[in-house]
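Please look over the sequence and the structure shown here before reading the notes below.

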Amino acid sequence: MIYFFYGENDYEREQKIRAIRAKFTPENITVLSLTDADLELVSREIFGADLFRSTKLFILKDVFANADTRAFLEDFLANLNRLPDENSIILTDTKPDKRTKIFKDLLTRATAQEFPPLKDYEHKKWLAGEVATRKLSLDATAQNELVARKLGETNPQNAI
């Protein structure tokens with residue numbers, strides 16, 4: 001399975017990745033930032049079959065970071081038919097270039113999801129949802145204070 005998660009909302013993107021990671025044992029998960037990795041070695045690891053690990057998850061970050069990572073991504077997409085069935089790949093980036101053919105190919109060939117930053121008016125609703133989900137006790141005044149501080153307001157009464 002191939003996933004492509006992108007957008008500036010790091011928290012929501014990481015939550016989605018964490019949910020997928022939970023399905024794998026830690027020793028079968030490899031997390032790499034493509035800007036720091038040997039791309040040829042990464043390619044061999046992803047496309048090579050491993051007799052000792054049955055299912056593997058690769059999390060590749062910063063896939064649109066520079067020309068080298070975009071070339072790697074283009075090669076990756078060209079060789080998808082060689083990908084072992086037991087390998088799952090998560091590709092992530094904060095600000096991919098949406099104008100490129102590579103981006104458009106990823107949208108059609110992977111399970112893609114965008115995680116845009118919250119708009120100012122969405123923060124309070126999001127916080128209320130998180131408080132309820134985590135079964136926390138946080139009154140409306142405290143929630144307004146948190147939202148106001150996040151948005152940089154000096155008067156929490158003016159919060160959304």
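The briefing below moves from the whole chain to the sheet, and then to single elements and residues.

This is a predicted model, and the protein chain in it has six helices and five strands. Read along the sequence, these elements follow the pattern β-α-β-α-β-α-β-α-β-α-α. The radius of gyration of the protein chain is 19 Å, well over the 15 Å that the globule rule gives for 160 residues, and the chain is therefore more spread out than a compact globule.

**The chain as a whole**

- Along its principal axes, the C-alpha trace of the protein chain spans about 60 × 35 × 25 Å.
- Of the 160 residues in the protein chain, 38% are buried.
- The protein chain exposes about 9,800 Å², and carbon and sulfur atoms supply 50% of that area.

- Five strands form an open sheet in the order E2-E3-E4-E1-E5, and their pairing is parallel.
- Strand E2 (29–33) and strand E5 (111–114) stand at the edges of this sheet, and because each has a single partner strand, one side of each is left without a neighbour in the sheet.
- On average, and with direction ignored, neighbouring strands of this sheet are turned by 15° against each other.
- Strand E3, which covers residues 56–61, runs parallel to strand E4, which covers residues 87–93, and five bridges join the two; within this part of the sheet, Phe58 stands opposite Ile89 in E4.

- E1 is joined to E4 by five bridges, and the two strands run parallel; Tyr3 stands opposite Ile90 in E4.
- E1 also pairs with E5 in the parallel sense, over four bridges, and the bridge partner of Phe4 in E5 is Ala112.
- Helix H4, made of residues 101–109, lies across strand E1 (2–6), E4 and E5, and runs at about 125° to E1.

- In helix H2, which covers residues 39–47, the residues Leu39, Val42, Ser43, Ile46 and Phe47 are buried.
- The exposed residues Glu40 and Arg44 are carried by the face of H2 that is turned away from its buried side.
- The cover over the buried residues of H2 includes E2, E3, helix H3 (67–78) and E4.

**Residues outside the strands and helices**

- Met1 is found in the segment before E1, and, leaving aside residues up to four places away in sequence, Met1 touches Asn87, Ser88, Ile89 and Thr111.
- Although Met1 and Asp85 are 84 residues apart along the chain, their C-alpha atoms are separated by 7.7 Å.
- Asn9 lies in the loop between E1 and H1, and with a relative accessibility of 12%, under the 20% cut-off, Asn9 counts as buried.
- When residues up to four places away in sequence are not counted, Asn9 touches Phe115, Pro116, Pro117 and Leu118.
- Asn28 is found in the loop between helix H1 (10–21) and E2, and Asn28 is likewise buried, with a relative accessible area of 10%.
- Asn28 and Arg109 are 81 residues apart in sequence, and in space they are 23 Å apart, C-alpha to C-alpha.

Note on methods:
Residues numbered from 1 in each chain as written. Predicted model: local features only at pLDDT ≥ 70, side-chain atom pairs only at ≥ 80, totals over all residues. Heavy atoms only, no water. Pairing = 2+ DSSP bridges. Axes fitted to C-alpha atoms, helices over the stretch in contact; angles between N-to-C directions. Contact = heavy atoms within 4.5 Å. Rg over C-alpha atoms; globule rule 2.2 N^0.38 Å. Buried < 20%, exposed > 50% of the residue type's maximum accessible area, 1.4 Å probe, protein only. Areas by Shrake-Rupley, 256 points an atom, 1.4 Å probe, with all protein chains shown as cover.
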